[in-house]
Amino acid sequence: LDVTTKTYRYSFAVPSSKSKSSGSGVLFDPLQARHQWQIEHGTHGQTFNAEAANDVLQALVGTHNFVHLCGSYRGSERKEKGSKHSNTICTLQEATLECEGGWASNPAPMINDGSFELPRNRCFGGDGAAVGYAITVTGDRFLYKMCRYIAGIVISAGYGGITKQNVEMALLPSNEDQISAITNKFQCAPPNGLMLWNVNYGTTQFNWVMEEEDTN
């Protein structure tokens, strides 16, 4: 079977502005510890900026060379020129950033003006509850660790460590010396927040063949 698209989802949680001001520390959902990157401290104590993170995420949509947004292949995965592993052109068809709110809250998609409205039904954790987010990307193919690099870049952008211009430059062929200064900022997110969300096989039709009973 030929896969037409894959969808990955990366979940993470960050301190809210209220948890910083409450002085009680950040309260993460312990049941999600194995399935979510729980980030205790932002860069220089900053609050996560979802709008800035989404701007960088949307810059990745389309057909680009993701050679600077993937990990180095290992062992037998290092193939000769011309193999599928040497092709670093991928197409991201859709990318979204959703706010899942505090513990047991319903997802809050981005509203029309490009900002997020946090859910009000934060059931557990009080003002100290961390805010959960999910990055969802759909594409025709993904390189080694590409989704984790996308997550790391988007989260770093939310804390002001990476700009949209940085990412756009990394996607274009240019001088390696210029690119290295940018890619040194790129962080590969840990694996515990990543999940294969959906696989699409297109319009493939399955014709089941029933085995006839042996009457002898």
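The dialogue below asks how the labels on this predicted model follow from their definitions.

Trainee: Before we start, what should I keep in mind about the model?

Mentor: It is predicted, with local features needing pLDDT of at least 70 and side-chain atom pairs counting only at pLDDT 80 or more, while totals for chains, interfaces and linings use all residues. Residues are numbered from 1 along each chain as its sequence is written, and side-chain values use heavy atoms, with hydrogens and water left out.

Trainee: How many helices and strands does the protein have, and what makes a run count as one?

Mentor: There are five helices and six strands. Along the sequence they follow the pattern β-α-β-α-β-β-β-α-α-α-β.

Trainee: How do you know what span to expect for helix H3 (residues 146-158)?

Mentor: The expected span is 1.5 Å times one less than the number of residues. For the 13 residues of H3 that gives 18 Å, and the end C-alpha atoms are 18 Å apart, so the two agree.

Trainee: Why is Ser 156 called buried?

Mentor: Buried means under 20% relative accessible area, exposed over 50%, and partly exposed in between (1.4 Å probe, protein chains only). Ser 156 has 17%, so it counts as buried. This serine is found in H3, where 13 of 13 residues are buried. Across the 216 residues of the protein, 41% count as buried.

Trainee: And what makes Asp 2 buried or exposed?

Mentor: Its relative accessibility is 63%, so Asp 2 counts as exposed. You will find Asp 2 in the segment before strand E1 (5-14).

Trainee: Which residues does Ser 156 touch, leaving aside neighbours within four places in sequence?

Mentor: Gly 161 and Ile 162; contact means heavy atoms within 4.5 Å.

Trainee: Which residues of H2 (residues 50-59) and H3 meet?

Mentor: From H2, Ala 52, Ala 53, Val 56 and Leu 57 meet Ile 150, Ile 153, Val 154, Ala 157 and Gly 158 of H3.

Trainee: What classes do the residues in that contact fall into?

Mentor: Eight are nonpolar, one is polar and none is charged. Ala, Val, Leu, Ile, Met, Phe, Trp, Tyr, Cys and Pro count as nonpolar, Asp, Glu, Lys and Arg as charged, and the others, Gly among them, as polar.

How values were computed: Helix = DSSP H or I, 4+ residues; strand = E, 2+ residues; numbered from the N terminus.
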